[in-house]
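Trainee: I have just opened this entry and would like to go through it with you. Shall we start with the strands?

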Amino acid sequence: IVADFDQRLEAVQAQGKRGKAIYMTPTGVTSGPGTLIHEMLLAAGFDNYATRPGWQAIPLERFAYEQPDAIAGAFFDEDAQRPAQWSATRHPVAKRQMADRPTARLQGAWTSCGGWFLMDAIETIAALPQAEASE
């Protein structure tokens, strides 16, 4: 299992840097440095759009002037866990980002802990098509 994980990770990392990606949840939060999600984004070749450490609200104001190159979203089972009415993921700015940017829809279980299945999430993020640079 470890050798397979290492081999798959090496193949992903051979693709090089890909720009900035943001992780989004149905409750409207993202994850910055110091978290497993941050390390996943880095492993997939992306810099993390979220620069503050830990968990925090999705930065809607920042979306207005600086867009991520890609989005990784763990939306779990959408039928059972619909975003709250006031979740930032329901805001038109966030919806536009998800519509306009390459978006990886991750299974929630992939991001729950550092098991071997974490590689499935990393590969899914790394497989996103390259977006045009957002400057």
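Trainee: In which sense do E1 and E3 pair, and over how many bridges?

Mentor: E1 and E3 pair in the parallel sense, over two bridges. Helices (H or I, at least four residues) and strands (E, at least two) are DSSP runs numbered from the N terminus, and two strands pair if DSSP finds at least two bridges between them. Please keep in mind that this is a predicted model, in which local features need pLDDT of at least 70, side-chain atom pairs count only at pLDDT 80 or more, and totals for chains, interfaces and linings use all residues. Residues are numbered from 1 along each chain as its sequence is written, and side-chain values use heavy atoms, with hydrogens and water left out.

Trainee: What stands opposite Lys20?

Mentor: Asp47 in E3 stands opposite Lys20.

Trainee: And which strands form the open sheet, in what order?

Mentor: Four strands form the open sheet, in the order E3-E1-E5-E6, with parallel pairing. E3 and strand E6 (103-106) stand at the edges with a single partner strand each, so one side of each has no neighbour in the sheet.

Trainee: How many bridges join E1 to E5?

Mentor: Four bridges join E1 to E5, and these strands run parallel. Within E5, Gly73 is the bridge partner of Met24. Four bridges also join E5 (residues 70-74) to E6, again parallel, and there Gly73 stands opposite Arg105.

Trainee: How many residues of E1 are buried?

Mentor: Four of the five residues of E1 are buried, so the strand is mostly covered.

Trainee: A change of topic, then. How many aromatic pairs does a search of the whole structure find?

Mentor: The search finds three aromatic pairs. One of them is edge-to-face: the rings of Tyr23 and Trp55 have centres 6.1 Å apart and planes at 70°. Tyr23 is in strand E1 (residues 20-24) and Trp55 in strand E4 (residues 55-57), 32 residues apart, so this pair links distant parts of the chain. Rings of Phe, Tyr and Trp (its six-membered ring) pair if their centres lie within 6.5 Å; planes under 30 degrees apart count as stacked, over 60 as edge-to-face and the rest as tilted.

Trainee: How is the pair of Tyr49 and Phe63 arranged, and what is the angle between the planes?

Mentor: Tyr49 and Phe63 form a tilted pair, 5.6 Å centre to centre and with 40° between the planes. Tyr49 is in the loop between strand E3 (47-48) and E4, while Phe63 is in helix H3 (residues 60-63). Both Tyr49 and Phe63 are buried.

Trainee: What lies over the face of Tyr49?

Mentor: Arg62 does, at 3.7 Å from the ring centre. For a charge to sit over a ring, NZ of Lys or CZ of Arg must be within 6 Å of the ring centre and within 35 degrees of the ring normal.

Trainee: Is Arg62 buried or exposed?

Mentor: Arg62, in helix H3, is buried, with a relative accessible area of 15%.

Trainee: Which residues does Arg62 touch?

Mentor: Not counting residues up to four places away in sequence, Arg62 touches Lys20, Tyr49, Ala50 and Thr51; contact means heavy atoms within 4.5 Å. A polar atom of the Arg62 side chain also lies 2.5 Å from the backbone oxygen of Tyr49.

Trainee: What joins the side chains of Thr25 and Thr27?

Mentor: A polar contact of 3.0 Å joins them. The term covers a pair of N or O atoms within 3.5 Å; within protein, one must be able to donate a hydrogen and the other to accept it, and residues adjacent in sequence count only if both atoms are side-chain atoms. Thr25 lies in the loop between E1 and strand E2 (29-31) and is buried, with a relative accessible area of 7%.

Trainee: Which residues of helix H2 are buried?

Mentor: In helix H2 (residues 36-43), the buried residues are Ile37, His38, Met40, Leu41 and Ala43. Just after H2, Gly45 takes a positive phi of about 100°.

Trainee: Finally, how many helices and strands are there in the protein chain?

Mentor: The protein chain has five helices and six strands. Buried residues make up 45% of its 135 residues.

Notes:
Buried means under 20% relative accessible area, exposed over 50%, partly exposed in between (1.4 Å probe, protein chains only).
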